[in-house]
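Hi,

Here is the structure I promised to pass on. Have a look at it first, and then read my notes below.

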Amino acid sequence: MSTPIAPTYRVGLVAWAALVLLQLAWHAWLFPAQHMPMALVLAITVIPLLLPLFALRDVRRALLWVGILSLFYFSHGISEAWSAPGERWLGWIEIVLTVTLIGTLGAGVKRKRPA
């Protein structure tokens with residue numbers, strides 16, 4: 001019998017899937033790289049987000065790994081929102097998704113109550 005997934009973690013899973021879809025749409029369809037092979041760009045941007053699928057049996061652990069990885073995507077979103085006017089809106093979406101991921105990790109932590 002499987003254990004139910006907490007609503008907080010469901011939000012994290014949705015943000016994770018949206019971040020993967022955003023990377024695919026951004027780098028393969030909306031703004032493909034001009035000076036690098038598309039396969040290389042997608043390997044750099046999408047594969048790291050797929051690696052935590054190996055830990056998906058434990059949703060908390062998978063989201064922890066995605067949260068750690070999302071720091072890179074947060075930095076990427078900040079740099080794109082700051083420097084690329086045409087891609088600014090995608091950078092902001094990336095920032096919101098990564099902050100959502102990190103927020104779900106913080107909200108999902110069970111704290112001990114003081115005695």
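Going along the sequence, the pattern is α-α-α-α-α. That makes five helices and zero strands for the chain, where helices (H or I, at least four residues) and strands (E, at least two) are DSSP runs, numbered from the N terminus. Bear in mind that this is a predicted model, in which local features need pLDDT of at least 70 and side-chain atom pairs count only at pLDDT 80 or more, while totals for chains, interfaces and linings use all residues. Residues are numbered from 1 along each chain as its sequence is written, and side-chain values use heavy atoms, with hydrogens and water left out.

The C-alpha atoms fill a box of roughly 60 × 30 × 15 Å along the principal axes. Of the 115 residues, 35% count as buried; buried means under 20% relative accessible area, exposed over 50%, and partly exposed in between, with a 1.4 Å probe and protein chains only. Looking at contacts with a separation of 6 or more, 65% are accounted for by residues 24 or more positions apart (contact means heavy atoms within 4.5 Å).

Now the inside. The largest nonpolar core has 20 residues, and W16, L19, L22, L49, L63 and L101 touch the most other members. Helix 1, helix 4 and helix 5 are the elements that give two or more residues to this core, and the largest share, seven residues, comes from helix 1. A nonpolar core here is a set of buried Ala, Val, Leu, Ile, Met, Phe, Trp, Tyr and Cys residues joined through side-chain atoms within 4.5 Å. As for L22, its contacts beyond four places in sequence are L90, I93, E94 and L97.

Q23 belongs to helix 1 and is buried, because its relative accessible area is 1%. Setting aside residues within four places in sequence, Q23 is in contact with A28, L42, T45, V46, L49, Y73 and E94.

T45, one of those partners, sits in helix 2 (residues 38-45). With a relative accessible area of 9%, T45 is buried too. Leaving out neighbours within four places, T45 touches Q23, H27 and Y73. A polar atom of the T45 side chain also lies 2.9 Å from the backbone oxygen of V41.

Is T98 buried or exposed? T98 counts as buried, because its relative accessibility is 0%. You will find T98 in helix 5 (residues 88-107), where a polar atom of its side chain lies 2.9 Å from the backbone oxygen of I95. Not counting residues up to four places away, T98 touches L19, S70, Y73 and F74. T98 and F74 are 24 residues apart along the chain, yet their C-alpha atoms are separated by 5.8 Å.

Last, the largest pocket. About 220 Å³ of space lies in it, and its lining is T3, P4, I5, A6, T8, Y9, R57, D58, V59, R60, G108 and K110. Helix 1 (7-30) and helix 4 (59-83) are the elements that give two or more residues to that lining. By type, the lining residues divide into five nonpolar, three polar and four charged; Ala, Val, Leu, Ile, Met, Phe, Trp, Tyr, Cys and Pro count as nonpolar, Asp, Glu, Lys and Arg as charged, and the others, Gly among them, as polar. On a 1 Å grid over the protein atoms alone, a pocket is an open set of points where a 1.4 Å probe fits, with protein on both sides within 12 Å along at least five of seven lines, and lining residues have an atom within 4 Å of a point. Grid points are joined across faces, edges and corners, and the volume is the space filled by probe spheres set on the points.

Cheers

Technical notes:
A polar contact is a pair of N or O atoms within 3.5 Å; within protein, one must be able to donate a hydrogen and the other to accept it, and residues adjacent in sequence count only if both atoms are side-chain atoms.
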